[in-house]
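Student: Please take me through one part of this model in close detail. I would like the aromatic pairs, and then the core and strands around them.

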Amino acid sequence: MPGSEIGVGSIGDKALALARHPDMVAVCGAKKVATDDALDAFAALVRPGQDAEERLFDYDKVDEPHTFTETIRDCAFEGDTLVMVGEAWGEHDNMNDLRDRAALLEYDVLTDAEKWTVAGPTLGLQSRALTLAIDDQKRYHVAGYSCLDDCEPDGDLWGFLPGGTLFTHTPLG
């Protein structure tokens, strides 16, 4: 079967992961935007015989849009929820320093509802989620890293329940 072009991005767009659903495929990453944050989390939903549906997601920590740069590094479907992990870069916790924090985004493809969970400083002043696996109990297992301001990454494995509650954290060193 020959390949087909589903869309053309801009310089700076990032397609970093694929997720498979019985009715579609999702391409996840980050898309360049013409705002102060420069990148928003991105997913393109590709259904057979249809044009790709592009979705942009903006983490809005302080009710001011486009204050964080979000990048999705991996994604997977749990039923009709597209679960995405990556990081939100910006000023967290009213500190004057810009940092990455691990981010979990749950997006319901039927209702268009989204829920962000962004790590606090208890998981490291800086952190990033790199990959995701969902188990048979619908829990999200996320591998990534954490570090201090002078970032020398230490590996981490986090477990989240649907809705974003952290239920386990295993430092990997």
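Tutor: What follows goes from the ring pairs to the core, then to the strands and one histidine. The model is predicted.

Start with the rings. A pair of aromatic rings is described by the distance of the centres and the angle of the planes. Searching the whole structure gives three aromatic pairs. One of them joins Phe 57 and Tyr 107.

Now take Tyr 59 and Trp 116. Here the ring centres lie 5.6 Å apart and the planes are at 50°, so the pair is tilted. Tyr 59 sits in the loop between S4 and strand S5 (69-78), while Trp 116 is in strand S8 (residues 114-118). The pair therefore ties together parts that are 57 residues apart in sequence. Both Tyr 59 and Trp 116 are buried. Ring pairs also bring in Phe 68, which forms a cluster with Tyr 59 and Trp 116.

One ring has a charge over it. The charged end of Lys 31 sits over the ring of Phe 42, 5.8 Å from the ring centre.

Next, the core. The largest nonpolar core has 23 residues. Cys 28, Phe 57, Leu 82, Met 84 and Trp 116 touch the most other members. Strands S1 (14-21), S2 (24-32), S3 (39-46), S5, S6 (81-91), S7 and S8 each give two or more residues to this core. Setting aside neighbours within four places in sequence, its contacts include Phe 42, Met 84, Leu 105, Tyr 107 and Trp 116. Asp 40, Glu 70 and Glu 114 are also among the contacts of Phe 57.

Turn to strand S6. Nine of its eleven residues are buried, so S6 is largely enclosed by the rest of the structure. S6 pairs with S5 in the antiparallel sense, over nine bridges. Within that pairing, Gly 86 in S6 is the bridge partner of Ile 72. The hairpin of S5 and S6 has two residues between the strands, and Gly 79 in this hairpin takes a positive phi near 65°. S6 also runs antiparallel to S7, joined by eleven bridges. Glu 87 stands opposite Ala 102 in S7. In the hairpin of S6 and S7, six residues lie between the strands, and Asp 93 takes a positive phi near 55°.

Finish with His 21, in strand S1. At 8% relative accessibility, His 21 counts as buried. Its side chain makes a polar contact with the side chain of Asp 80, at 2.8 Å. The side chain of His 21 also reaches the backbone nitrogen of Asp 23, at 2.9 Å. Apart from neighbours within four places in sequence, His 21 is in contact with Phe 77, Gly 79 and Asp 80. Gly 79 is the residue with positive phi in the hairpin of S5 and S6.

Key:
Residues are numbered from 1 along each chain as its sequence is written. This is a predicted model: local features need pLDDT of at least 70, side-chain atom pairs count only at pLDDT 80 or more; totals for chains, interfaces and linings use all residues. Side-chain values use heavy atoms; hydrogens and water are left out. Rings of Phe, Tyr and Trp (its six-membered ring) pair if their centres lie within 6.5 Å; planes under 30 degrees apart count as stacked, over 60 as edge-to-face and the rest as tilted. Helices (H or I, at least four residues) and strands (E, at least two) are DSSP runs, numbered from the N terminus. Buried means under 20% relative accessible area, exposed over 50%, partly exposed in between (1.4 Å probe, protein chains only). A charge sits over a ring if NZ of Lys or CZ of Arg is within 6 Å of the ring centre and within 35 degrees of the ring normal. A nonpolar core is a set of buried Ala, Val, Leu, Ile, Met, Phe, Trp, Tyr and Cys residues joined through side-chain atoms within 4.5 Å. Contact means heavy atoms within 4.5 Å. A polar contact is a pair of N or O atoms within 3.5 Å; within protein, one must be able to donate a hydrogen and the other to accept it, and residues adjacent in sequence count only if both atoms are side-chain atoms. Two strands pair if DSSP finds at least two bridges between them.
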